[in-house]
Amino acid sequence: MELLISLIVFLPTLGALAVACFPSKKDENGVNAKDNQNFLLGFTLGVGILTFVVSLAAFVLNDSSAIDESIGSMQHAFSISWIPAFDIEYAMGIDGISFPLVLLTTGVSILAILASWSIKKHVKAYCVLFLLLETGMIGVFLALDFFLFYVFWEVMLLPMYFLIGIWGGPRREYAAIKFFLYTLLGSVLMLIAILMIYFNSDLTQLAPANLQELVANDVINADVTKSVAAGIKSGTAVHTFNLVALAELAQTTDCFSAELQWWCFLLLFIGFIVKVPSIPVHTWLPDAHVEAPTPISMILAGVLLKMGGYGIIRICYPICPAGGLELSYVVVGLGVASMVYGAFAALAQTDFKRVVAYSSVSHMGYVVVGFGVWTMLGNGDYWKMGVTGAMYQMIGHGISSAGMFFMVGIIYDRVHHRNLNEFGGLYGLMPKYTALAMGLFFAGLGLPGLCGFIGEVLVVLSVWRFSPLLAIISASVVIFTAGYILWTLQRVYLGPEYKGPHAEEIKPINGREFSTGAILLVLAIIFGVFPNTLIKYMDETVDQQVTSLNEWREGYEQTLATAEESDEAEHAEEASEDGHGEEGEEAADEHGEGETAATSDLTEVAVAN
Amino acid sequence: MESTTDFYNLIDALKADSANSLGLFMPEITLCVFIALFLAVRLVTTKLDLFWVALAGAVVGLVSSNPLQLCGGNVESEELFTGLLVHDGLTIAIRSILMLFLVLFLIFTKISGVPDKEDGADVYSLVFGSTLGMCLMASANHLLIVFLAIEMAGVPSYVLAGLIKGRKRGSESALKYAIYGAGAAGVMLYGISLLVGLSGTAHLPTMALELAQIIPQAGLGEQAVLCLAAVMISVGIAFKLSAVPFHFWAPDVFHGACAEVNAFLSVASKAAALALLLRLAVGLGSVPLSEIEAPQAIQQTVEAHQETVQTDLVPTHLVSLEDEAVSGSDEDIDVKSSEPVEAQANAETEAPATEAEVVEAVDPRLEIKQAHDEALSPVRNFIGLLIAFFAVITATFGNLAAYGQKNIKRLLAYSTIAHAGYMMMAVTPLMMMLGTDNNGAEQAASALIQYIVVYVFLNLGAFSIIAFLRNYVGSEEIEDYSGMVKSRPVLVICLALIFFSLVGLPPLSGFLGKFAIFASLADGYSTAGSSALLVLLIAGGLNTAISLFYYLGVIKTMVMGEPDESHHLGDRPVGRIEMAYVVVVSIPTVFLIVCWQWVAGFADEAVKHFIS
């Protein structure tokens with residue numbers, strides 16, 4: 001499996017190297033010759049399709065390597081020692097959370113390449129950067145080592161910067177550097193948290209059975225057992241970057257103090273919500289989206305934003321559960337605020353692409369909310385619902401937002417403006433296009449029967465148990481969403497006639513555009529009508545993660561309670577020291593079992609209380 | 001009669017010692033031989049191209065410094081020339097890095113065409129002389145050598161800065177550099193004399209031992225003298241490192257001197273200064289085990305050293321008396337805890353016992369060492385905090401000041417200032433963990449070496465690209481690079497990779513150096529719990545984000561800018577040799593992450609016996 005998974009990650013890189021060797025025929029403005037453009041993009045498309053086919057074949061079609069839906073833990077994991085000086089491993093694996101996102105990435109990449117024929121300048125550089133970007137995205141979802149994850153996370157920064165900065169709109173340089181700076185700041189905070197977690201981790205404290213299980217699952221390198229044995233002997237800590245091992249450590253040992261978890265959760269969470277993006281760090285998104293070329297907007301909305309959500313559920317909660325529990329109101333509060341703010345902001349826009357960009361902020365708010373609904377109350381079943389809903393929302397939004405941006409791109413290529421007040425009447429001029437657009441925008445709206453609905457409903461339902469007030473607010477967002485989407489549709493597609501410039505350029509969509517849109521719409525319908533095609537993969541993993549975190553929570557609550565009890569007991573003792581202190585001692589002596597009996601009595605009393 | 005035999009014994013001992021030392025001193029001797037050769041040739045003729053001779057010299061130097069020794073062999077720490085120098089893994093590592101750099105640098109100067117045939121002999125002898133000084137800096141074990149080495153490395157660089165004759169800016173920068181250098185050296189020498197006066201020796205390990213005995217009983221005056229000495233010595237090193245506030249020379253010198261000289265100054269000189277910083281910090285902060293071994297031996301060496309440095313020594317008690325009288329009382333390092341004193345007492349009582357058992361029992365020695373190290377903990381704390389202070393302001397100021405620069409060499413000057421700050425950060429966790437967690441301390445030193453290895457390639461690459469572009473375009477202003485990617489894509493892509501690597505973006509190599517240093521900061525914070533380390537970690541992180549702006553600004557101009565038609569800058573395509581050189585130097589930037597373990601292993605091996 002090492003080779004297969006590595007192949008899926010690095011196939012695009014190999015493709016990029018190949019593209020870099022091809023000749024590039026350009027005139028002095030950098031515009032490529034038509035046949036050269038077709039060749040370069042065609043090759044890139046081939047690489048994209050190959051990557052998708054390999055990932056699909058490996059994880060779905062081929063029986064021996066297909067994902068087993070009934071297993072919740074990591075599958076096909078492998079781990080190779082990479083930089084022993086820092087215990088860094090080249091470790092990858094896939095489970096029900098990462099699998100749908102990998103397929104989403106490879107799939108949306110194909111569609112984005114299909115949408116790339118509007119790129120005319122410096123096509124070769126574009127293709128190379130695009131393929132490098134794809135490697136980074138797939139790698140993030142498959143990495144099991146925190147260091148490796150961070151490397152992939154940063155790998156896509158540079159290609160993205162140049163893709164926006166070179167091929168973008170008029171304010172591209174501003175937008176590109178804003179994107180870069182926000183993400184870099186977030187990831188620097190993440191790096192600090194990674195290092196703090198690494199140096200506090202200690203594999204020697206992990207129960208041998210748990211370690212054996214990790215080794216048996218190939219999640220962690222077998223050599224680790226030796227160093228752990230040596231570490232136990234000499235009393236030195238064995239650090240690790242392995243994400244699964246870190247989660248085990250956090251949930252079964254006391255390696256990470258509650259304070260450390262609180263801080264690390266906060267740092268990691270900031271790093272991730274920059275990507276999601278959630279308010280107050282969302283402001284790069286509208287700029288980046290508006291300036292980015294259509295295919296890059298599709299990738300940005302379809303895949304890149306999901307990496308933030310993935311980080312939250314893969315890293316924040318499992319590794320810093322205490323922080324997650326304490327900060328749950330912050331998380332959900334930010335999520336709801338993003339939903340509301342995004343929806344209102346979208347209502348106020350006159351730029352077609354900005355509307356879709358703010359709708360992304362609003363829709364990704366659901367994801368943050370779904371991951372965050374975890375409290376000390378209740379049995380936690382609704383949290384599972386929230387997480388499932390958030391996962392579903394990520395996939396659904398990946399499809400619908402990529403589709404919406406593509407629809408915006410199609411009309412922009414023709415009339416070269418995006419002013420909502422200067423459209424209208426496209427229904428008559430481009431009927432097929434209008435039909436696709438209606439379908440995809442309705443999917444974004446969350447209409448039942450389309451992919452946006454399931455996620456939103458699950459998330460909103462789960463909030464009810466968390467906080468009715470927030471639930472009412474988040475449910476009401478649906479109305480605003482309907483408001484801005486319907487209003488947009490009305491201004492662009494309905495009405496008697498087209499009001500803007502370049503009316504003569506409007507012609508029906510071609511086959512490439514139609515097929516790209518149609519694929520997205522079909523997927524939106526399939527995932528809307530048969531949610532189980534997706535949920536069956538995620539269910540077991542989400543279930544396992546939520547269950548183990550809830551188990552951890554019970555233990556944590558107990559320790560909190562006993563800590564409180566003992567605090568109270570101390571106070572009580574202090575108050576009644578003179579009167580009862582001696583008596584207690586005498587009583588213990590009488591029992592003849594010394595202190596142990598007394599303390600166990602005390603705990604019994606505490607539990608009874 | 002007795003004294004004569006002693007004298008002959010001493011002569012014999014010195015003979016044996018020198019013979020032994022010369023073998024390990026081969027790289028330096030090679031450099032000396034070639035310098036003499038260059039000067040001799042210069043006397044005879046100016047027509048001869050000495051490049052190949054120089055290259056041969058550098059290669060011989062590289063081979064004789066024997067970096068492969070670190071790959072397998074267990075390199076023990078060994079004192080040379082009666083303790084003036086020390087030969088250990090760190091010496092080998094830094095010397096190898098310097099020699100490798102020298103080889104690459106010579107090839108680079110040949111390709112870029114500065115110096116020309118006529119100047120060749122002069123420039124090569126200056127470069128070799130400066131490198132000789134840097135090698136000594138890396139292996140200094142005695143404050144006298146520290147000073148000599150700094151001067152030896154410095155004086156040729158002052159001349160190099162004015163290499164291009166007849167250019168006003170070049171001469172100005174050389175003069176500035178020389179005056180600043182002389183000032184800093186003077187201050188440093190004063191600091192050294194204070195320290196030597198107080199401890200009665202200039203041999204670092206002996207000095208540490210002396211300090212361990214002085215400090216627990218030190219009065220306010222002595223403390224003040226010690227602090228003053230530390231600050232003054234740090235001025236000298238800060239000048240070499242171009243650390244704020246002693247950085248003023250750097251932008252002017254970098255602006256005035258040619259890019260080739262900049263590469264030499266920014267890489268070699270910095271690497272050597274950092275090695276020296278490590279030597280001094282660790283040397284003063286802990287007593288090496290070998291020094292405690294046999295108290296009699298110590299006595300001898302101390303005497304020997306007092307003989308060697310007699311001329312420079314001011315009578316000990318006089319200095320301390322004077323300073324007690326003069327110094328103010330506003331120093332506040334915490335040395336008053338009674339624990340070290342007690343430990344000291346223990347150590348003294350146990351010392352005779354050790355003498356008898358020294359052959360087989362090692363443990364008592366360790367105990368003594370621990371006691372000494374505990375006594376020295378205020379020294380370590382003070383040095384650690386002092387360096388932390390320098391590091392934070394250096395990194396922050398360098399990054400902020402670079403933002404406004406319009407000239408690429410000035411920008412890189414500030415960038416090297418900032419990087420000096422990052423590199424100094426490694427020394428603070430080293431000092432904080434020394435004595436309590438020697439493993440962690442070694443890791444911190446190793447992180448610094450890793451950063452240096454990466455940095456050699458990055459800055460050499462950056463300056464070579466700037467030199468090549470200067471040859472083609474005739475300008476070093478950033479705005480003249482606008483739209484350069486269209487005409488010279490390979491150079492621009494390599495420069496972009498190098499710049500992003502300097503920012504510290506993975507998977508480029510700069511990230512790995514930064515990661516190693518940040519890791520030791522985090523390690524130090526979680527073991528030593530000093531909040532200074534957390535401040536450093538956060539400052540380092542924020543600085544990374546700040547630094548993005550100016551590096552990106554250059555790349556943005558080159559990639560996204562439109563070529564300016566008004567000053568049509570030569571369309572000559574880049575030559576194959578230039579391109580090949582740039583690509584070769586940039587390769588480590590991209591691929592070092594794959595085989596990072598080699599670098600980490602090399603660095604780990606280099607510092608293995610450094611802390612003992």
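Start with helix α20 of chain A, residues 451-466: this helix gives three residues, the largest share, to a nonpolar surface patch. Helices here are DSSP runs of H or I with at least four residues, strands are runs of E with at least two, and both are numbered from the N terminus.

**Before you go on**

This is a predicted model, where local features need pLDDT of at least 70, side-chain atom pairs count only at pLDDT 80 or more, and totals for chains, interfaces and linings use all residues. Residues are numbered from 1 along each chain as its sequence is written, chains are lettered from A and ligands numbered from 1 in the order in which they are written, and side-chain values use heavy atoms, without hydrogens and water.

**Stop 1: the patch on chain A**

Select A:M385, A:V457, A:L461, A:W464 and A:I472. Together they make a nonpolar surface patch of about 420 Å². Patch residues have over 30% relative accessible area and no salt bridge; nonpolar side chains (Val, Leu, Ile, Met, Phe, Trp, Tyr) are joined within 5 Å, like charges within 9 Å. Accessible areas come from the Shrake-Rupley method with a 1.4 Å probe, and for residues only the protein chains shown count as cover.

Now pick A:V457, in helix α20. Is A:V457 buried or partly exposed? A:V457 has a relative accessible area of 31%, so it is partly exposed. The scale: buried is under 20% relative accessible area, exposed is over 50%, and partly exposed is in between (1.4 Å probe, protein chains only).

**Stop 2: A:L246**

Go to helix α10 of chain A, residues 243-252, and select A:L246. A:L246 counts as buried because its relative accessibility is 1%. What does A:L246 touch, beyond its neighbours within four places in sequence? Its contacts are A:F146, A:I197, A:S201, A:T240, A:F241, A:F256 and A:I319. Contact means heavy atoms within 4.5 Å. A:D145 and A:L246 are 101 residues apart along the chain, with 9.7 Å between their C-alpha atoms.

**Stop 3: a buried arginine**

Select A:R491 in helix α21 of chain A, residues 468-493. A:R491 is buried but has no salt bridge. A salt bridge is a side-chain nitrogen of Lys or Arg within 4 Å of a carboxyl oxygen of Asp or Glu. Which side chain of opposite charge is nearest to A:R491? That is A:D351, 10 Å away. Lys and Arg count as positive, Asp and Glu as negative; His and the chain ends are not counted. Leave out residues up to four places away in sequence, and A:R491 touches A:Q349, A:L420, A:N421, A:F423 and A:G424.

**Stop 4: salt bridges in chain A**

Over all chains, the count is 21 salt bridges. Show A:D543 and A:K384. They form a salt bridge, with the closest N and O atoms 3.5 Å apart. This pair links distant parts of the chain: A:D543 is in helix α23 (residues 532-575), A:K384 is in helix α17 (residues 381-415), and they are 159 residues apart. A:D543 is partly exposed, at 28% relative accessibility. Next, select A:R171, A:K178, A:D287 and A:R354, which are linked in a network of salt bridges.

**Stop 5: where the chains meet**

Show both chains. The contact takes 32 residues from chain A and 37 residues from chain B. About 3200 Å² is buried between them, and carbon and sulfur atoms give 84% of this area. Buried area is the accessible area (1.4 Å probe) that two parts lose on being put together, summed over both. How many salt bridges are there between chain A and chain B? The count is one. Find it at A:E173 and B:K556, whose closest N and O atoms are 3.7 Å apart.

**Stop 6: chain B**

Color chain B by secondary structure. There are 26 helices and two strands. Of its 612 residues, 59% count as buried.

Select B:R95 and B:E28. Their side chains meet in a salt bridge, 2.9 Å from N to O. B:R95 sits in helix α4 (residues 89-112) and B:E28 in helix α2 (residues 26-44), 67 residues apart. Both residues are buried.

Then try B:E476 and B:K409. Their salt bridge has its closest N and O atoms 3.0 Å apart. B:E476 lies in the loop between α20 (438-473) and α21 (484-487), and B:K409 lies in helix α18 (residues 408-425), so the pair ties together parts 67 residues apart in sequence. B:E476 is buried at 14% relative accessible area. B:K409 is buried too, at 1%.

Finish at B:H372 in helix α16, residues 363-375. B:H372 is buried, with a relative accessible area of 5%. From B:H372 to B:I292 is 9.7 Å, C-alpha to C-alpha, across 80 residues of sequence.
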